[in-house]
Amino acid sequence: MQQLRELNRPTISIAYLQLMVELMAEHGISSQALLHDIPIDPSTLNNPESKMSAYQWMLVILRAQSLSDTPGLGYEYGLRMRPTVHGVLGYATMSSSSLRDALETSVRFMRARQAGFRLEYREDESAAELWLIETQPIPVLRRFFYENILLGLARAAAVLLGKELEEFNDVEIFVDWPEPSYHQAWKDRLPMIRFNAHGNFVRLPRHYQNMRPVLADPLASQQAIALCERELALASDVESSVTLRVRAELMPHRGHHDNNGYPKLDDIAGRLNLSARTLKRKLQQQGTSYLLLLEEARRRDAQDLLARRNISIQDIATRLGYRNPANFTRAFKKWTGEPPASFRARQNH
């Protein structure tokens, strides 16, 4: 019953339908033919604020596959995906300070754009990985969704850095199914795809992570992220509001035991009338944790404080809960690819 309710909730941006209409037009298929007998009001195509349900979206994809007779539609759709299709989330990623920042922003806000999945960002010494994970079983079209989302992520990373996807010859996509019969026809237009893998993810060599997007603009990114926060809040149900409430609590100087840093997990749990264990579980169910949200808050506030010239970097480190300024410098360089002093000089140039 819960899964049926989720399938019928209007959570998916109409922009994805608009892209499918555009793609089908190139196959000679009109929007009227695509949407015939599908319970979607055609007028919604002209309203960027409109949403459709996962059930409606699946009906559209099934119709598109049938009318176009394109077994590799997941590839074709993914290759057409562009950051701007994702609305304010796309603008937030394009204006990010580094590719790592853009990928982490995608992870944070994907839930407001694509129902049924969550992203996880993982990084080791050699590469970063974006894992695409189902939050509920996908009843049909599982391969289509994985193909287009993973390929769309790889293409978006290329676009952000001003590259063509073909130039990303060291980027790999891993999927957990065997090679399909239509793969060879698309192979030359795709990154390397590894089949029969242990999960579904995009792997990008680590040297890309600190590269600056061609449209990097920290102020524009902050404004777009604020709009993403609003969109996520509007899209969130009661359960997911726990994450939003923790974000709201993670403000500096709200700890109980000192004048610097952020509230501890136990403090926040008490304010939300939850046990620390329950809060941890709820955050984990939503694909996050107290430590991830704390790092997110520190990065947000660090950039804001560095824009104020009258506060020393040492004082900023203290306000953010770092006893050793060197630890703050290392953390900030990981987030943005540059030390705090360089960031401040560039912002005030």
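## Aromatic pairs

A search of the whole structure, which is a predicted model, finds 15 aromatic pairs, where the rings of Phe, Tyr and Trp (its six-membered ring) pair if their centres lie within 6.5 Å, and planes under 30 degrees apart count as stacked, over 60 as edge-to-face and the rest as tilted. One of them joins tyrosine 75 and tryptophan 186, whose ring centres are 6.4 Å apart and whose planes stand at 65°, so the pair is edge-to-face. Because tyrosine 75 belongs to helix H5 (residues 73-80) and tryptophan 186 to helix H9 (residues 183-186), the pair ties together parts that are 111 residues apart in sequence; helices (H or I, at least four residues) and strands (E, at least two) are DSSP runs, numbered from the N terminus.

Tyrosine 75 is buried, at a relative accessible area of 3%, and tryptophan 186 is also buried, at 13%, where buried means under 20% relative accessible area, exposed over 50% and partly exposed in between (1.4 Å probe, protein chains only).

## Basis of the values

Residues are numbered from 1 along each chain as its sequence is written, and side-chain values use heavy atoms, with hydrogens and water left out. Local features need pLDDT of at least 70 and side-chain atom pairs count only at pLDDT 80 or more, whereas totals for chains, interfaces and linings use all residues.

## Helix H7 and glutamate 296

In helix H7 (residues 99-109), 10 of the 11 residues are buried, so the helix is largely enclosed by the rest of the structure; Arg108 is among those buried residues. The side chain of arginine 108 is joined to that of glutamate 296 by a polar contact of 3.4 Å, a polar contact being a pair of N or O atoms within 3.5 Å of which, within protein, one must be able to donate a hydrogen and the other to accept it, while residues adjacent in sequence count only if both atoms are side-chain atoms.

Glutamate 296 lies in helix H14 (residues 290-306) and is buried, with a relative accessible area of 11%.
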